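Please read these notes with the sequence and the model open side by side. Each point takes up one topic.

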Amino acid sequence: AGAENAGNRGPGLHIRGGASDNVVVALCRFEYNQGDGILIEGAGTSRNMVGEPDTRWNQGAGLVIRGPGAEANVGDGVMAFGCQGPGVVIADGALGTELTRVDIRECAGGGLRIDGVTKTWGGEEERTALATVSGLEVRNPQTPPAGEPREVPVCGVALLGGTSDVRVTDVDCYDGECGVFVGGVETTRNRLEDVNVDTPSGVGVHIEDATDTTLADFQISGAGSHGLQIVAAHGTQVQGSLRIVNPGGDGVRLIDTWAASLDAQMQVQSAAQNGVLVQGCSDLFLRPTGIQNAGANGVELQGSTDVELHQVSVSRAQGDGVLVDAQCSGVSIEELDCQGNTGAGIHLAGATNVEIGNIHNIYRNEVGVDVASATNVRIEGSTQGVGDISGNSSAGIRVQGESTQSVQIHGTRIATNGTAGVQVEAGSGIAVGLPGEPFSNLIADNPVGILA
């Protein structure tokens, strides 16, 4: 306790070789060392406790815990400032690490880095967290010196190298190039919860190639690029709430991703580009409950299949509320509210096998629903005939394109639109209402009810 270790040619404190049950009590400083501030490593090195260590201006990292074989080491009140490596590193098979109350500032290479922390589980073995970090704050991580190799952007939190079964909770990340990065084809089953990312210069949260990552209760503000970006990942889960404000690109961007469920209360405000972009994906579930003031489209689907959108609310986008392009198939849109968008409330631009159901309001857009060269489309308000498509500048529903086929419009209220309730310009197999159904369409107070 109360020690000051400074200016050493290696680490300030080195615990190794099976050393166990050692304690750094409090008020120890490890600074200006040519290695790491504190290094804990090696097989059997276990159950060591570092309490409130202050690591500053070391040429390595602030605190490093690495294996293989280092187990159940604990840190509380860890401070890392101005180090030339990341603030905290857990790596190379170190298992059972628990860190609480971690404060990292102005460290080159990022804040928390967990790399290669994994285990082969037995068939009957109960999985537990291989590393747990809670109460983490990372401010202003620095770019490493020019010429040093860089695998990933400078991040507040980075999970890499096949890391699995890690839990990171109660996190604040400020500045840097990226708030959170999770990457690698064998990086799996990690959970991050209660995370705030503020003003990174690049992407707020980036997941790439990882599997079964869970994000819960995230807020991302002022990202210089996209808010949340998921690329070539499988099984990503977003839970609780997801709030993204003022991203410089898309709010949420999913590229070549499959089997993902973004079942969070998703709010995206003032994205410079799309509120949500889905490109080349399959088997997705999204709940975009509040997309406002997007600079392009509220939700855009490109070349994707088997996509479900539930509780869709898009307002004041500078394009379409929802755009589904010609390479999309098997799209379901439920509980829809699109208001005040400069383009269509929903634009089906050549898509096939699209179901739009349980419409709430499609109101004051340029056109309510624009079906263009699309095939096998069903538009349904609800079984009670209360889906409201009204007040749009041109038609409530416009059907166009010679290749348009098999469009059913049922259970809607189409009223007070600028040119017509339903305007059919081209296509075949267009059915307005279904014979024998007790609730069909109410088309009222338009200049023309149905214009063919």
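**Notes on the model**

1. Trp57 has a relative accessibility of 33% and counts as partly exposed; buried means under 20% relative accessible area, exposed over 50%, and partly exposed in between, with a 1.4 Å probe and protein chains only. This is a predicted model, in which local features need pLDDT of at least 70, side-chain atom pairs count only at pLDDT 80 or more, and totals for chains, interfaces and linings use all residues. Residues are numbered from 1 along each chain as its sequence is written, and side-chain values use heavy atoms, with hydrogens and water left out.

2. The ring of Trp57 pairs with the ring of Phe81: their centres are 5.6 Å apart and their planes stand at 90 degrees, so this pair is edge-to-face. The rule is that rings of Phe, Tyr and Trp (its six-membered ring) pair if their centres lie within 6.5 Å; planes under 30 degrees apart count as stacked, over 60 as edge-to-face and the rest as tilted. Trp57 is in the loop between S7 and S8, while Phe81 is in strand S9 (residues 74-81), and the two are 24 residues apart. Strands (E, at least two residues) and helices (H or I, at least four) are DSSP runs numbered from the N terminus. Phe81 is buried, at 19% relative accessibility.

3. How many aromatic pairs does the rule give? The count is two. Tyr32 and Trp57 make a stacked pair, with 5.2 Å from centre to centre and 20 degrees between the planes. Here too the partners come from distant parts of the chain: Tyr32 is in the loop between strand S4 (29-31) and strand S5 (38-41), Trp57 in the loop between strand S7 (54-56) and strand S8 (63-66), and 25 residues separate them. Tyr32 is partly exposed at 49%. Tyr32, Trp57 and Phe81 together form one aromatic cluster.

4. Phe81 also has a charge over its ring: the charged end of Arg56 sits there, 5.3 Å from the ring centre. A charge sits over a ring if NZ of Lys or CZ of Arg is within 6 Å of the ring centre and within 35 degrees of the ring normal. The charged end of Arg139 is placed over the ring of Tyr174, 4.0 Å from its centre.

5. Some backbone details deserve a check by eye. The peptide bond joining Gly67 and Pro68 is cis, with omega about 0 degrees, and Pro68 is in the loop between S8 and S9. Arg47 is not a glycine, yet its phi is positive, near 55 degrees; Arg47 is in the loop between S5 and strand S6 (49-51). Arg316 likewise has a positive phi of about 55 degrees without being a glycine, and is in the loop between strand S29 (305-315) and strand S30 (322-324). Arg47 is partly exposed at 48%, and Arg316 is partly exposed at 41%.

6. In soluble globular proteins, nonpolar side chains tend to be buried together. The largest nonpolar core in this model has 103 residues, and Leu192, Leu228 and Leu242 are among those with the most contacts inside it. Such a core is a set of buried Ala, Val, Leu, Ile, Met, Phe, Trp, Tyr and Cys residues joined through side-chain atoms within 4.5 Å. A second, separate core has six residues, including Val152, Cys155, Cys178 and Phe181.

7. How many salt bridges does the structure hold? There are 17, a salt bridge being a side-chain nitrogen of Lys or Arg within 4 Å of a carboxyl oxygen of Asp or Glu. One joins Arg101 and Glu52, whose closest N and O atoms are 3.5 Å apart. Arg101 is in strand S11 (residues 97-105) and Glu52 in the loop between S6 and S7, so this bridge ties together parts 49 residues apart in sequence. Arg101 is partly exposed at 46%, as is Glu52 at 38%.

8. Asp263 and Arg287 form another salt bridge, at 2.6 Å from N to O. Asp263 is partly exposed at 37%, whereas Arg287 is buried at 16%. Arg378 is bridged to Glu380, with 2.5 Å between the closest N and O atoms; Arg378 is partly exposed at 28% and Glu380 is buried at 17%. Salt bridges with shared partners also join Asp103, Arg105, Glu137 and Arg139 into one network.
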